[in-house]
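Work through the following exercises with the sequence and the model side by side. Each task is followed by a solution in steps.

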Amino acid sequence: MNQLQVLLHTALIDSGHIEKCGLLIRDTSQIKTTSVGYKLEQADVDTLVNAFNQPTLLRKKGLYFNEIYYTCIRTDNESIYAKDNNRGLIVVKTNVYILFGTFNDRMNPAIAIEAMEKLGDYFKAKEQ
């Protein structure tokens, strides 16, 4: 595992609050790293990178990510929270990256959001 992948696993996966996660480079729409074994299609990457461009439309229509349709619960300039029944998607924008993570029905959504936002704050403090 690379250093960023270790950070994602330590802060998110190993905590048991996030199921799968990854880090995208905002400017190039490239995958920087993901949790072990998590594969993304380019369409999913594009969905997350473009999600912040039209928040009103996102609130109305939701988003399709990783073969799941999510209803948008909250969106602003820095975060998107979306759900599908008892599963969820959290997306956090930093200066350089888009951090995303999913949680399942056995995980607490509020704790998952807190974990994602804290890691996002870490990247923002590092100006990444």
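**Exercise 1. Threonine 75**

Task: Decide whether threonine 75 is buried or exposed in this predicted model.

Solution. Step 1: locate the residue. Threonine 75 sits in strand 4. Step 2: take its relative accessible area, which is 8%. Step 3: apply the cut-off. Buried means under 20%, so threonine 75 is buried. Step 4: list the partners beyond four places in sequence. Threonine 75 touches Pro55, Leu58, Arg59 and Ile80.

**Exercise 2. Asparagine 77**

Task: Find out which element or loop holds asparagine 77, and whether the residue is buried or exposed.

Solution. Step 1: asparagine 77 belongs to the loop between strand 4 and strand 5. Step 2: its relative accessible area is 61%. Exposed means over 50%, so asparagine 77 counts as exposed. Step 3: look for contacts, setting aside neighbours within four places. Phe52 and Lys93 are in contact with asparagine 77. Step 4: take a distance. Serine 15 and asparagine 77 are 62 residues apart in sequence, and their C-alpha atoms lie 27 Å apart.

**Exercise 3. Two asparagines with positive phi**

Task: Asparagine 66 and asparagine 85 are not glycines. Where does each lie, and what is its exposure class?

Solution. Step 1: check the backbone. Phi of asparagine 66 is positive, about 55°. Phi of asparagine 85 is also positive, near 55°. Asparagine 66 is in the loop between strand 3 and strand 4. Asparagine 85 is in the loop between strand 5 and strand 6. Asparagine 66 has 23% relative accessibility, so it counts as partly exposed. Asparagine 85 has 66%, so it is exposed.

**Exercise 4. The nonpolar cores**

Task: Which residues have the most contacts inside the largest nonpolar core, and which elements give two or more residues to it?

Solution. Step 1: the largest nonpolar core has 20 residues. Leu24, Phe65, Ile80, Leu89, Val91 and Phe100 have the most contacts inside it. Step 2: name the contributors. Helix 2 (42–50), strand 3 (63–65), strand 4 (68–75), strand 5 (79–84), strand 6 (87–93) and strand 7 (97–103) each give two or more residues to this core. Step 3: separate the second set. Another core, apart from this one, has 19 residues, among them Ile18, Leu23, Ile90 and Leu119. Step 4: follow phenylalanine 100. Neighbours within four places aside, its contacts include Leu24, Tyr38, Leu48, Phe65, Val91 and Met116.

**Exercise 5. The whole chain**

Task: How many helices and strands does the chain have, and what pattern do they follow? Then test the chain against the rule for a compact globule.

Solution. Step 1: there are four helices and seven strands. Their order along the sequence is α-β-β-α-α-β-β-β-β-β-α. Step 2: for 128 residues, a compact globule would have a radius of gyration near 14 Å. The chain has 13 Å, which agrees. Step 3: the C-alpha trace spans about 35 × 35 × 25 Å along its principal axes. Step 4: buried residues account for 45% of the 128. Step 5: of the contacts between residues at least 6 apart in sequence, 49% join residues at least 24 apart. Step 6: the accessible surface is about 7,000 Å², and 46% of it belongs to carbon and sulfur atoms. Step 7: the chain has 15 positive and 15 negative charges, whose mean positions are 3 Å apart.

Notes: Residues are numbered from 1 along each chain as its sequence is written. This is a predicted model: local features need pLDDT of at least 70, side-chain atom pairs count only at pLDDT 80 or more; totals for chains, interfaces and linings use all residues. Side-chain values use heavy atoms; hydrogens and water are left out. The radius of gyration is taken over C-alpha atoms; the globule rule is 2.2 Å times the number of residues to the power 0.38. Buried means under 20% relative accessible area, exposed over 50%, partly exposed in between (1.4 Å probe, protein chains only). Contact means heavy atoms within 4.5 Å. Accessible areas come from the Shrake-Rupley method with a 1.4 Å probe; for residues, only the protein chains shown count as cover. Lys and Arg count as positive and Asp and Glu as negative; His and the chain ends are not counted. The place of a charge is taken as NZ of Lys, CZ of Arg, CG of Asp or CD of Glu. A nonpolar core is a set of buried Ala, Val, Leu, Ile, Met, Phe, Trp, Tyr and Cys residues joined through side-chain atoms within 4.5 Å.
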